[in-house]
Amino acid sequence: MSVTPFGPPARHGAPGVAAATFDLSKVYGSGDARVVALDHVSIDFREGEFTAIMGPSGCGKSTLMHCAAGLDSPSSGSVRVGTTELSTLGDRQLTALRRDRIGFIFQAFNLLPTLTALENITLPLTIAGRRPDQQWLDRVVAMVGLSQRLGHRPAQLSGGQQQRVAVARALASRPAIIFGDEPTGNLDSRAGAEVLGFLRDSVRALGRTVVMVTHDPVAAGYADRVVFLSDGHLVDELTHPTPDRVLDLMKSLGSLSHTC
Ligand SMILES: Nc1ncnc2c1ncn2[C@@H]1O[C@H](COP(=O)(O)OP(=O)(O)OP(=O)(O)O)[C@@H](O)[C@H]1O
């Protein structure tokens, strides 16, 4: 397996870093059931950058994303969002940080069927008792092309439109960083391309930071940088990826032929 060494991460919590892990390990289970999902992973997600996380099934992609987003806790090592060290936060503070500073998009759209598109988009703000920033919301809704669909319920929207609602919901609170776990996994290639375009616009036009887990070299081609995990380790990275370069590197890493 060819492994290209890449530089050490910037100083932990340094300016210009939206989120970072340092020496992050995550172990599930014990004894015979013990699984080391992440093994001393240090990575920076820089502000205003779109990063894709790739690697074979079971190599730790979702675990890395979940730990970096404060959805799961490390076994050892540390995680920062901005300059906040997550281990210093209690449950309520962690909930507030996830709500105010992070947006999430998952493979399943996770929309509430009885609410309209607009109500779904603003639901996290409603729960937090916050009024939306109307100008920002208008911009986000226009960006994802939902202005004419705000009164529709999820069942009246296509899968691609539902995921656009989820993208708008992730952006509604003006979070610094958006994490996506296979956000195009349930979409056909055209709807997927639209959603990926919106994620890229969230970086380019709205100045957000995006981190996305994907299996798809075409999806990774929308990112500024692709990092590759294997067996809980970061093993390589590409900047300015194209689908062909991603595919070539996946082949050289053996990602197409085995799982972790
Ligand atoms: N809650 C859990 N309990 C026990 N083991 C877990 C748990 N979550 C993940 N694992 C194990 O940790 C390893 C990494 O899992 P993870 O879901 O992060 O991989 P992944 O790269 O995202 O996989 P995939 O591409 O298939 O979604 C796997 O071996 C998995 O079985």
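Let's start with Ala-168: setting aside its neighbours within four places in sequence, Ala-168 is in contact with Ile-121, Val-140, Val-141, Val-144 and Leu-146. Keep in mind that this is a predicted model.

The largest nonpolar core has 68 residues, and Ala-168 is listed with Ile-53, Val-167 and Val-226 as having the most contacts inside it. Helix H5, residues 159-171, gives the largest share of this core, with six residues. As a general point, nonpolar side chains tend to be buried together in soluble globular proteins.

Next, the ligand. Among the residues surrounding it are Tyr-28, Gly-29, Val-35, Ala-37 and Gly-55, along with Ser-57, Lys-61, Ser-62 and Thr-63. Two elements give two or more residues each to this shell: strand S2 (35-46) and helix H1 (61-68). H1 provides the largest share, three residues. Sorted by kind, the shell around the ligand looks like this:

| Kind of residue | Number in the shell |
|---|---|
| nonpolar | four residues |
| polar | seven residues |

Last stop: a pair of strands. How do S9 and S10 pair, parallel or antiparallel? Strand S9 (residues 225-230) and strand S10 (residues 233-239) run antiparallel, paired over six bridges. Along that pairing, Arg-225 sits opposite Thr-239 in S10. The hairpin they form has two residues between the strands, and there Asp-231 takes a positive phi near 55°.

Conventions. Residues are numbered from 1 along each chain as its sequence is written. This is a predicted model: local features need pLDDT of at least 70, side-chain atom pairs count only at pLDDT 80 or more; totals for chains, interfaces and linings use all residues. A residue is near a molecule or strand if its C-beta atom, placed from the backbone, lies within 6 Å of it. Helices (H or I, at least four residues) and strands (E, at least two) are DSSP runs, numbered from the N terminus. Ala, Val, Leu, Ile, Met, Phe, Trp, Tyr, Cys and Pro count as nonpolar, Asp, Glu, Lys and Arg as charged, and the others, Gly among them, as polar. Two strands pair if DSSP finds at least two bridges between them. A nonpolar core is a set of buried Ala, Val, Leu, Ile, Met, Phe, Trp, Tyr and Cys residues joined through C-beta atoms within 7 Å. A residue is buried if 20 or more other C-beta atoms lie within 10 Å of its own, exposed if 12 or fewer, and partly exposed in between; C-beta atoms are placed from the backbone. Two residues are in contact if their C-beta atoms, placed from the backbone, lie within 7 Å.
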